[in-house]
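Hello,

Here is the structure I promised to pass on to you.

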Amino acid sequence: MRSFHKLRFLIAISLLLFATVCLQAQNTPQSVIDALKDSLSLKSGKERIEFLGDIGFKYRTINKDSAWHYVRQAYKEAEAFGDKDLQGRISMNLAILKTEAGDYEDAIKSYKLAMNLVDSTNGSQTLSFVYHNMANAYERTGVIDTAIYYSLKALRRYEVANDSQRIASVKLNIASQYRTIKEYELSEKVNMESLEMYRALGDVFFQAAIENNLSLLNNDQERYEEALQHAEKSLELWQSIGQRLVVAYSYTNLGIAQKGLGQLNESEQSLKNALALQQERGDRYEVIFLKMHLADVLNKRGNYTEAANLGKEAYQGAVDDDLLIFQQKTALTLSSIYENERNYQNALVYLKKSNAAQDSLFITDKAKEVLKLKQQYETEQKENEILRQQNELVENELIIKKRNNLLLASGGLVILILVIGYGVFRDQKLKAQAQKREAELQKAMVEAQAQENLKEQRIRIARDLHDNIGSQLTYITSITDTAKRNIDKGEVFMAEKLTQMKQFTLVTIAELRDTIWAMNKDEISLEDIQERTNQLAATIHDATDDAISVRTVGENSDKVLNAFVGMNLFRIIQESINNAVKHSETREVVVSFKEVGSKMEIVIEDFGKGFDTKTQSAGNGLYIMKSRAEKAGIEFKLSSKVGEGTKVELTVEA
C-alpha cells in the first residue's frame with residue numbers, strides 16, 4: 001500500500017488548482033465581496049456582468065454554492081449581451097469551477113468554448129489564461145502530452161508579456177508535469193525557481209502551494225521526514241492568511257507522510273481533516289483519493305470493517321468516474337483488507353478486479369512484461385517468507401518436544417528411559433529433517449540467485465526500453481485516445497492527429513534501433529560511435545537536400561566503453577547535432593574525435609547564429625544532456641557566442 005503516493009497520475013492533485021490565473025481570488029475577505037455586492041445594484045450592461053463574474057470568482061475559496069450562482073448568472077447575462085470576449089472570459093471562470101469540482105471533461109469543453117470566443121476577438125491576455133487552465137484540466141485526465149503543450153503555450157505568452165507572477169504560476173504546473181513523468185530532479189528545480197519568484201513577489205498563498213508541492217514530491221520518493229516538514233510549512237502559511245478550504249491539500253500530504261512514518265493515529269486524523277474539507281469543496285476526485293488512503297490506514301490499524309466500507313465507497317466512486325488507476329489501487333486495498341479479515345473469497349474477488357484494471361492500464365507487451373517481472377519477484381519474496389516461517393515452526397516444534405521430554409522424565413526411571421529414547425529418536429529425526437530442509441533451502445538459494453541474475457537482466461532490458469521509447473509510446477497513446485474521443489471533428493482534425501502519431505512513431509523506431517544496438521553489446525567501441533555518427537550525418541544530408549553538412553574528423557580509435565556509457569555518449573552527440581540542425585541556421589556541423597592519454601575528447605561545433613548563454617536558456621534539451629552526462633560519468637561543457645556558433649565538449653575515460 002506504500003506505493004499509492006508513487007502513482008504519477010493518481011497523486012497529481014495539490015497544485016493543479018492553485019496555478020489558476022485568477023490570482024486575485026486567493027485570499028479575498030468577505031468585506032471585499034460585500035462591498036462589490038453593494039455596488040452591484042448601481043451597475044448595468046457590461047460592467048454589471050463583470051461585477052457578477054468577479055463576485056462569483058472571489059467566492060471560490062469561501063462558499064462554492066455562491067461562486068456557482070454568481071458565475072452562472074454572469075454567463076447567462078453575457079450570452080444575452082452578445083459580447084464574445086466577455087462571454088469567453090466568463091466561460092473560462094465556469095471551466096475553472098468545473099475543474100475544481102472534478103468535472104474535467106465538461107471543464108475542457110468550457111475552456112475550448114472560451115478559447116474560440118476570445119481568440120475571435122483577439123483577447124490575447126485572456127487566451128493566455130485559457131491555455132494555462134486548460135493544461136490543468138488535461139493533466140487531471142492524464143493526457144500529459146496535451147497538458148504540456150498548453151502549459152508551454154501559456155508560458156511563452158507570459159514571457160512575451162513579461163508577467164512574472166504568471167510565469168511563476170505556469171512553472172508551478174510544469175514542475176507538476178515533470179513529477180508526473182518521474183523527472184523528480186527537474187521538478188524540484190522548477191519548483192524552487194517558482195518559489196524564489198513568489199518570495200520576491202511577496203505572495204504567501206503560492207509560497208504555501210509550492211511548499212505543499214515539495215511535500216508531495218518527497219512523498220513520491222518516500223522521503224517522509226522531508227515531506228512532513230514541507231506539508232507543515234504549507235499548512236502554517238495558508239492558515240496565516242485565513243485560507244480555510246485549500247489547507248485540505250496540506251492535510252493530505254501530512255497524512256501520507258505520517259502513514260509512511262508509521263504514525264497511524266496522526267495520519268488518520270490528518271486524512272479525515274482533508275476528507276471533510278474536500279467533501280465541502282465538492283471535489284469527487286480528491287474524495288475518492290482520500291477515502292482510499294483512509295481505508296489503507298484503517299486496515300493497518302486493524303479496523304477491517306470500517307476500512308472495507310470506506311474502501312468500497314472509494315472503489316465505486318472510481319468506477320462511476322471511470323478512473324482506472326483508482327480502481328486498480330482501491331481494489332488492491334480491499335483485497336488486502338479482506339485477506340487480513342480472513343475473508344479469502346472477497347479478497348480473491350477484489351484481487352481479480354485489481355488485476356483487470358491493471359491490464360487495462362498497461363497497453364504494450366513490454367509494459368506487461370515489466371508487470372510480470374514485478375509479480376514474479378513478489379511471488380519469490382512470498383515463497384522465501386513461507387520457507388522462513390516453516391523453518392521457524394520446525395525449530396519451535398523441536399523446543400516443545402524437548403520440554404515435553406523433560407516433563408515426562410519426572411514420572412519415573414522407566415518412563416525417563418523411554419522418554420529419553422523417544423526424545424533421541426525424535427531429535428535425530430528432526431535433525432535429519434532440518435538437514436534435508438537446509439539442503440533444500442541451499443539449493444533454493446542457488447536457484448533464487450540465478451533467477452535474481454536473470455531478473456536483473458530482464459529489468460535492465462525493460463528499463464532501457466522504457467527510457468528510450470516509453471515516453472514516445474505514452475504520447476502515441478494519448479494522441480490515439482484524443483482522436484478516439486474526438487472522431488466526430490472531421491478529416492482535418494484526424495489528419496493532424498495521424499501526422500502527430502506518424503512523427504512520434506518514426507522517432508520511436510529510431511530510438512528502438514539504437515536501444516537494440518546498445519543492448520546487443522557488452523561494450524561499445526569509439527569506432528562504433530564514429531560509425532553511427534557518420535550514419536546520422538548521411539541521414540541529415542538526405543533530409544536537408546545537402547543544405548546542411550555534418551562531417552566527422554579524427555582517426556578511428558580502438559578504445560572501448562561499457563554499453564551504458566557508450567550509449568549515453570552517442571545520445572549526447574546525437575542531441576547536440578540535432579539541436580544545431582534545428583536551431584543554429586548553420587551550413588556545417590563538425591564532430592571531432594581526439595585521444596588524449598587515457599581519455600577521449602569529442603567536440604560538436606556549429607558555425608551558426610549562436611546565443612547568449614547568460615540571458616538565454618538552451619531549454620530542456622540541455623538539462624537532458626547534462627543529466628545523461630552526469631549519470632554516465634562524462635564531462636560536459638557547452639559554450640556559445642552570438643554570431644559565432646555553439647560548441648559542445650565531451651570528455652570520457654576510455
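**What I found**

Glutamine 530 is buried, at a relative accessible area of 4% (buried means under 20% relative accessible area, exposed over 50%, and partly exposed in between, with a 1.4 Å probe and protein chains only). Before going on, please note that this is a predicted model, where local features need pLDDT of at least 70 and side-chain atom pairs count only at pLDDT 80 or more, while totals for chains, interfaces and linings use all residues. Residues are numbered from 1 along each chain as its sequence is written, and side-chain values use heavy atoms, with hydrogens and water left out.

Back to glutamine 530, which sits in helix α21 (residues 526-543). Helices here are DSSP runs of H or I with at least four residues, strands are runs of E with at least two, and both are numbered from the N terminus. Setting aside residues up to four places away in sequence, glutamine 530 touches Gly554, Glu555, Asn556, Ser557 and Phe593 (contact means heavy atoms within 4.5 Å).

For the chain as a whole, there are 23 helices and seven strands. Of its 654 residues, 46% count as buried. Among contacts between residues at least 6 apart in sequence, 66% join residues at least 24 apart.

Next, the core. The largest nonpolar core has 56 residues, and Trp238, Tyr251 and Phe326 touch the most other members. Such a core is a set of buried Ala, Val, Leu, Ile, Met, Phe, Trp, Tyr and Cys residues joined through side-chain atoms within 4.5 Å. Helix α14 (residues 284-301) gives the most to this core, with ten residues. Tyrosine 251 has contacts with Leu235, Gln239, Ser270, Leu271, Asn273, Ala274 and Leu277, again not counting residues up to four places away in sequence.

Now for some helix pairs. The axes of α14 and helix α15 (residues 304-320) come within 8 Å and cross at roughly 155 degrees. Axes are lines fitted to C-alpha atoms, for helices over the stretch in contact, and angles run from 0 to 180 degrees between N-to-C directions. α14 and α15 are therefore roughly antiparallel to each other (over 145 degrees; under 35 is roughly parallel, 65 to 115 roughly perpendicular and the rest oblique). Their contact divides into ten nonpolar, three polar and three charged residues, where Ala, Val, Leu, Ile, Met, Phe, Trp, Tyr, Cys and Pro count as nonpolar, Asp, Glu, Lys and Arg as charged, and the others, Gly among them, as polar.

Helix α2 (residues 45-58) and helix α3 (residues 64-81) pack at about 155 degrees, with axes 7 Å apart. α2 and α3 are therefore roughly antiparallel as well. By class, the contact of α2 with α3 has ten nonpolar, four polar and three charged residues.

What about helix α10 (residues 204-220) and helix α12 (residues 247-260): at what angle do they pack? The angle is about 25 degrees, and the axes are 10 Å apart. That makes α10 roughly parallel to α12. On the α10 side the contact is made by Asn212, Ser215, Leu216 and Asn219, and on the α12 side by Tyr249, Ser250, Asn253, Ile256 and Ala257.

Finally, leucine 332 is found in helix α16 (residues 324-340) and counts as partly exposed, at 28% relative accessibility. Leaving aside neighbours within four places in sequence, leucine 332 is in contact with Leu351 and Ser354.

Best wishes
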